[in-house]
Amino acid sequence: MKSHSETYPILLNDGPARGRDLAPLAFAGFAHFTALQVRARRIKGLDLHLARLRNASIDLFGRAPSNDSVTRNIRRAIEDGPQDQSLTVTVFSPEGEFSVGSSDTEPSILVRTGPPSDGPKGPLRLSVVEHERYLPTIKHVGEGAKTHYLRQAAAQGFDDAAFVDRHGRLSEATIWNFAFWDGRSVVWPRAQILAGTMMGMIQRQLSGLGIAQRHEEIVLDDVANFAGAVVMNSWTPGVAVTAFGSVSVPQAPAFIDVLQAAFESERASEIGASCDVR
């Protein structure tokens, strides 16, 4: 019988990760990552994940691992694991934190895999808190506030937490992007956020489906005027949200159908020996 680690491999720079290799990461906060879902050994939005890793690496480390290096690590994890899995790629400096040497060292690549997930079924009720993520456009690991606000929300009887910025604009949730529905168009919040890979896939597929979309600033008082709202991340293109604090939002099955259709329109990539990414 295979052990859990053998079933879902952990790789570091093309090879199996050992305990002593991972120990420095236990307390590391200067790193970034992307999370994706593998189905039938294929990945949707792989180009978006690669772009996210490259851009964040340049911002944090001044250099980035090549796409070939990243895809080679992902390919090995997929080949060594089951055909359906969750997969996280973390990029970090082997020089560690509190050092100016990270820009002179090639970043390392850690790939961690686990059971596949489709996220919660919902609908979700979200508490509303004022919070702005540091370096909001980067999916970095130093995010203790997310867990803190999630646990506070649960203690208050909510499912998760939504964030508003200093201007009162809804931005994002703990591990989610928002999308709203006015009955005909998809409305995306305009604020400083992490542009999710699922969000990117949905946005580029909506035009082909003839669905209008726009960005606008959304404050809490605007929420009740929408016909529906969802959160999305790599798990799912849409989980219904029925409350932002004390403000209720109707469920909109047609909205979920639109988002699901957009997701299904996105072509999945198989990472073969040629490192084909699109």
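**Pockets and overall build**

Visitor: Which strand gives the most to the lining of the largest pocket?
Guide: That's strand 3, with five residues. Strands here are DSSP runs of E, at least two residues, and helices are runs of H or I, at least four, numbered from the N terminus. A pocket is an open set of points on a 1 Å grid over the protein atoms alone where a 1.4 Å probe fits, with protein on both sides within 12 Å along at least five of seven lines; lining residues have an atom within 4 Å of a point.

Visitor: What kind of model is this?
Guide: A predicted one, where local features need pLDDT of at least 70, side-chain atom pairs need 80 or more, and totals for chains, interfaces and linings use all residues. Residues are numbered from 1 along each chain as its sequence is written, and side-chain values use heavy atoms, without hydrogens or water.

Visitor: How much space lies in that largest pocket?
Guide: About 820 Å³. Its lining has 38 residues, and Phe33, Ala35, Thr88, Arg112 and Lys139 are the closest to the centre.

Visitor: And the second largest pocket, what's nearest its centre?
Guide: Gln37, Arg39, Ser234, Trp235 and Phe263, out of 22 lining residues. That pocket holds about 350 Å³. Strand 3 turns up there too, along with strand 4, helix 6, strand 14 and helix 7, each supplying at least two residues.

Visitor: Switching topic, how many helices and strands are there?
Guide: Seven helices and 16 strands.

Visitor: What box do the C-alpha atoms fill?
Guide: Roughly 50 × 40 × 40 Å along the principal axes.

Notes:
Points joined across faces, edges and corners; volume = space filled by probe spheres on them.
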